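Trainee: I have a new model to read. Please show me how to go through it.

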Amino acid sequence: MGILSGNPKEEPLHYGEAFDLWATVLAGNGMIAGYQTLINHAGDDDLKKLLLEAIDNCQHDKKQVEELLKENGIGLPPAAPEPPEACLEDIPVGARVPDPAIAATLSADIAAGLVTSSQVIGKSIREDVAMLFLQIHNQKAALGAKVLRLNKEKGWLIPPPLHLNKHGDC
């Protein structure tokens, strides 16, 4: 039996896994701070709930990944300070981020996270790392479905050109 044939937690991380874990925490730190700021700008209560869910998901994922980094003797990246709470009415109208832009940002972040999670899964050789990112991927997909539904319900979705000619009629 070789070095990679036992308990995954006793196997070494390869450099790609170590970097991906570290970068996940760094990105999570930024997203948590960013979403906390966007809550200050959001006027729609349903959008605020999804931002809070995204923050909770990021914090949960970050905690799990930080544990793996610590177990493997890898230092943690810096975290941004928590932004102060602000009242929406105190933010000048021209400086506010509108709800459709907040929802679009959240959608784009989720889409990027799905791709990143898939890449980490594909290059992992430790099963525990792959399974962790599978859980993260599934969680992001579920949140993405909720954000898509909200975008459709609120009329915020800007679809690409739609293919309406399904039967080949000219």
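Trainee: Is Arg-126 buried or exposed?

Mentor: Start with the cut-offs. Buried means under 20% relative accessible area, exposed means over 50%, and partly exposed lies in between, with a 1.4 Å probe and protein chains only. Arg-126 has a relative accessible area of 1%, so Arg-126 is buried.

Trainee: What should I know about the model and its numbering?

Mentor: This is a predicted model: local features need pLDDT of at least 70, side-chain atom pairs count only at pLDDT 80 or more, and totals for chains, interfaces and linings use all residues. Residues are numbered from 1 along each chain as its sequence is written, and side-chain values use heavy atoms, leaving out hydrogens and water.

Trainee: How many helices and strands does the chain have?

Mentor: Helices (H or I, at least four residues) and strands (E, at least two) are DSSP runs, numbered from the N terminus. The chain has four helices and zero strands. From the N terminus on, the order is α-α-α-α.

Trainee: Where is Arg-126 placed, and which residues does Arg-126 touch?

Mentor: Arg-126 sits in the loop between H3 and H4. Contact means heavy atoms within 4.5 Å. Not counting residues up to four places away in sequence, Arg-126 touches Pro-8, Lys-9, Glu-11, Pro-12, Leu-13, Glu-17, Leu-68 and Asn-72.

Trainee: Where does Pro-12 lie?

Mentor: Pro-12 is in the segment before H1. Its relative accessibility is 38%, so Pro-12 counts as partly exposed. The C-alpha atoms of Pro-12 and Ile-125 are separated by 9.6 Å, though these residues are 113 apart along the chain.

Trainee: Which residues is Leu-51 in contact with?

Mentor: Leave aside its neighbours within four places in sequence. Leu-51 then contacts Tyr-35, Leu-38, Ile-39, Ala-42, Ile-102 and Leu-106.

Trainee: Is Gln-36 buried or exposed?

Mentor: Gln-36 is found in helix H1. Gln-36 counts as buried because its relative accessibility is 17%. Beyond neighbours within four places in sequence, Gln-36 is in contact with Ile-55, Glu-82 and Pro-83.

Trainee: And Ile-110: which helix holds this residue?

Mentor: Ile-110 lies in H3. With a relative accessible area of 6%, Ile-110 is buried. Leaving aside neighbours within four places in sequence, its contacts are Lys-140, Leu-143, Gly-144 and Val-147.

Trainee: What is the radius of gyration of the chain?

Mentor: The radius is taken over C-alpha atoms, and the globule rule is 2.2 Å times the number of residues to the power 0.38. A compact globule of 170 residues would have a radius near 15 Å, but this chain has 19 Å. Along its principal axes, the C-alpha trace spans about 60 × 55 × 20 Å. Of the 170 residues, 34% count as buried.
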